[in-house]
Amino acid sequence: MASLKLKNIYKRYAGGVTAVNDFNLDIEHNEFLVLVGPSGCGKTTTLRMIAGLEEISEGELYIGDKLVNDVAPKDRDIAMVFQNYALYPHMTVFDNMAFGLKLRKTPKDEIKKRVNEAAKILDIEHLLDRKPKALSGGQRQRVALGRAIVREPKVFLMDEPLSNLDAKLRVQMRTEIGRLHNRLNTTFIYVTHDQTEAMTMGTRIVVMKDGYIQQVDSPTSLYDRPCNQFVATFIGSPQMNLISAVLTQRGSDLHLVFGKSDVKIPEGKAKKLEGTDYIGKEVFVGIRPENIHDEAMYLESMPDSIVEAHVDLVEMLGAETFLYMIIEGAVSTVTARVNARSKTKTGDVIKVAFDANKIHLFDKETERTII
Ligand code: ATP
């Protein structure tokens with residue numbers, strides 16, 4: 001069983017860079033935890049501190065009940081898989097996988113058994129006699145995973161393990177790593193800058209920015225209830241649209257007014273805004289592409305949230321169509337994900353319906369979620 005606890009962890013590099021700021025997290029046994037965020041946000045540094053490859057400047061790291069700040073990497077019962085695989089070029093696949101066990105003086109029979117079992121799981125039994133240079137990228141990645149599996153570690157750490165693979169193989173390996181996690185019944189901590197990878201693989205996701213944790217949540221909660229504008233726009237592809245609007249009271253109703261458009265806020269959401277000092281002020285409206293509609297049935301059923309749009313580009317993808325539109329007040333081009341059979345054409349001036357139940361509002365200054 002391996003749970004982990006990171007308590008008030010900081011990493012300060014010489015030269016004044018604080019790469020990780022007050023990182024607090026409890027990771028449960030058997031979780032598939034993903035650390036995600038843009039380049040430089042501190043994900044690799046966090047993983048390397050867990051592995052023991054980077055000293056912790058301040059704070060406490062526990063694996064199980066044991067404080068491991070000063071425990072050497074080899075004694076942490078952790079295996080790490082790197083982006084560049086780090087295989088020994090002069091050794092066969094078998095020897096690459098067996099290397100760590102040999103160092104630990106594991107008996108020969110046991111080594112053979114574990115390597116063969118791992119090779120079977122990863123479907124690389126037929127490659128055991130080859131050298132890394134005679135393998136494809138995907139096969140090398142499997143060997144790197146195999147080398148970690150044979151050690152039967154308490155925790156698997158993975159740093160962008162799929163980023164050197166082509167798009168198709170990446171999708172395939174994504175599923176395989178998920179399956180591996182189910183099979184091994186172990187804790188996985190996985191670093192990526194790719195939000196799709198994070199969303200599809202993680203049971204829980206930590207979103208980081210500038211060394212700070214922004215939000216820790218399940219994939220659906222992150223998507224549906226982002227805590228701020230950064231998380232809202234980082235998670236989801238194409239990203240959430242942002243429109244600057246004035247929150248306006250009319251009678252007992254609240255409206256979002258931008259350009260000539262007027263979107264009534266549904267009662268349930270409006271209640272949460274009552275008595276706040278946002279009324280009369282500018283806010284950012286966030287709406288995901290799939291919540292903007294161009295079909296007549298939506299325009300009829302959502303008469304209180306009709307918005308005029310100039311269609312800049314229509315992209316037909318077969319299963320769906322993307323409309324890229326200019327809407328007054330929007331921060332940039334607004335994307336709608338509509339029906340594949342949409343009749344909308346480039347250059348059209350159309351009316352679209354915003355699903356007002358699905359809108360988010362953000363504070364313009366703090367960028368925190370209002371509702
Ligand atoms: P990427 O996705 O690009 O790998 P990351 O989120 O993993 O980014 P880190 O590699 O953890 O980010 O780096 C976090 C910050 O710490 C960055 O600003 C980086 O420049 C800085 N940093 C990393 N290693 C060192 C070092 N050895 N010395 C000084 N600063 C460092």
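How are α2 and α3 oriented to each other? Let's go and look. Remember that this is a predicted model, where local features need pLDDT of at least 70, side-chain atom pairs count only at pLDDT 80 or more, and totals for chains, interfaces and linings use all residues. Residues are numbered from 1 along each chain as its sequence is written, and side-chain values use heavy atoms, leaving out hydrogens and water.

**Stop one: two helices**

Select residues 93-103 for helix α2 and 108-122 for helix α3. (Helices are DSSP runs of H or I with at least four residues, strands are runs of E with at least two, and both are numbered from the N terminus.) Their axes come within 10 Å and cross at roughly 130°. Axes are lines fitted to C-alpha atoms, for helices over the stretch in contact, with angles from 0 to 180 degrees between N-to-C directions. So α2 and α3 are oblique to each other; that word covers what is left after under 35 degrees (roughly parallel), over 145 (roughly antiparallel) and 65 to 115 (roughly perpendicular).

Now show the side chains: F94, M97, A98, L101 and K102 of α2 meet I111, K112, R114, V115, A118 and A119 of α3. Contact here means heavy atoms within 4.5 Å.

**Stop two: a sheet**

Next, find the open sheet of five strands, ordered β13-β12-β11-β14-β20 with antiparallel pairing. Strands pair if DSSP finds at least two bridges between them. At the edges are β13 (261-264) and β20 (360-362), each with a single partner strand, so one side of each lacks a neighbour in the sheet. From one strand to the next, the twist averages 40°.

Finish by selecting 241-250 (β11) and 282-287 (β14), antiparallel strands joined by six bridges. Click A245: its bridge partner in β14 is V283.
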